[in-house]
Amino acid sequence: MHNLTQNYKYSFSSCELLNFINNNDTPFWVYDHNIIIKKIQLLKKFDTIRFAQKACSNIHILNIMKQNDVKVDAVSYGEIKRAILAGFIPNNNDIIFTSDIIDKKTLSLVTKLNIPVNIGSIDMLHQLGKCSPNHKIWIRINPGFGYGHNKKTNTGGDNSKHGILFPEQTLDIIKKYNFELVGIHMHIGSGVNYKHLKKVCNSMFHQICTLNQNIQYISAGGGLSIPYKTNEKEIDINNYFQEWNETKKKIEKRLGHSITLEIEPGRFLVAESGILVCQVYSIKKTNLFKFVLTDAGFNDLMRPVMYGSYHYISIIAGDNRKINQENLYDTVIGGPLCESGDIFTQDNNGNIMSRKLPKIHVGDYLIFHQVGAYGSSMSSNYNSRPLISEFLFTEKKFKQIRRPQKIEDLIQLEQKI
């Protein structure tokens, strides 16, 4: 089989994984506890690490974050509930709610639990102020430019719905409702480009000078990249931290007191810990391609279809043969869905792309790597396919952290009305 990983050595061996596969139904997710811990340690220079739980919201993963002094960002009512179940305390800065809108149900919850709100729109200020004047808030600023590995992950600039483009418009409203403005948040997208990083840092300083508010926190947002391909380099965390720490010092000098520097990673903390295990059920050829079809579809792993994202794929022989790594073949990997776009090897325009892989047989197992972020959390029930199991490898064993959903679970929602 291929190496199980590119940059991180999993805590489990290939043999341990194969034995586990043989005793469980595919497809399923596995996360490596130790890799998550290693990634947290890389960010310890920041004053606060705040996990963007949208990347991987299983409460057992959230509990790992809590146990390692990582705080959490929530972007929905459900994510707030998950965070509380995982042990985060709602009224002591453990949880921040970030959004561009706030529905009535969520508004009631953040008001009741006194959860700080990271404001992404002017309308949110009025809606929160009418229910909870004096509330602690952050302002999410759109600096007028963005960056991302894909246009769908760019969260700044005129094409982005996120944040407030003219934050000076918030000042009179903040005064009206006597809000306590505690922090400024600025996030332009996923991936790290140091030219853009300097622009963000400069913009953060400029905005704080312009607003002239006595804030306590600044957030560098998230979007820290990981190497999905073998030729990609890991991000220089020290360089990233130094850029933001210099900005923090400038702001502290301007304000005359110390502030807290937050980093808000999602993918960076969990992506490399996760694999998706599936089995090959059919191999077919057309005049152009050889299709290898598995029992996992884009209802399980959405990223390749949505963003054209690349995931390293390794193979475990279902018949215990030795995989020949020398002879590689053009191969298209697809899933079982009744959807032509259910292809894992495509570009960001939806064009089918072949991958050079060893010869694959029906019954073999495919392992998709670096799927711990935006894998399970973006899964759906399309084609009435239930959500699959999640396992955490910890203390030298595979522990189930989500049971497989049953079709009866779905049908119940429609029968018991």
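This is a predicted model: local features need pLDDT of at least 70, side-chain atom pairs count only at pLDDT 80 or more; totals for chains, interfaces and linings use all residues.
Modeller: Start with strand S16. Ser389, Phe391 and Phe393 on one side are buried, and so are Glu390, Leu392 and Thr394 on the other. Both faces of S16 are covered.

Colleague: How many residues of S16 are buried?
Modeller: Six of the six, spanning residues 389-394, so S16 is largely enclosed by the rest of the structure.

Colleague: How does S1 run relative to S16, parallel or antiparallel?
Modeller: Parallel. Strand S1, residues 28-32, is joined to S16 by five bridges. Asp32 stands opposite Phe393 of S16.

Colleague: And S17? Which way does that pair with S16 run, parallel or antiparallel?
Modeller: Antiparallel. Five bridges link S16 to S17, which covers residues 397-402. Thr394 has Lys397 in S17 as its bridge partner.

Colleague: How many residues sit between the strands in that hairpin of S16 and S17?
Modeller: Two. Glu395 in this hairpin takes a positive phi near 55°.

Colleague: New topic. Where is Asp123?
Modeller: Asp123 is in helix H6, which runs over residues 122-131.

Colleague: Is Asp123 buried or exposed?
Modeller: Exposed. Its relative accessibility is 52%, and the cut-off for exposed is over 50%.

Colleague: What separates Asp123 from Phe12?
Modeller: Along the chain, 111 residues.

Definitions and conventions. Residues are numbered from 1 along each chain as its sequence is written. Side-chain values use heavy atoms; hydrogens and water are left out. Helices (H or I, at least four residues) and strands (E, at least two) are DSSP runs, numbered from the N terminus. Buried means under 20% relative accessible area, exposed over 50%, partly exposed in between (1.4 Å probe, protein chains only). Two strands pair if DSSP finds at least two bridges between them.
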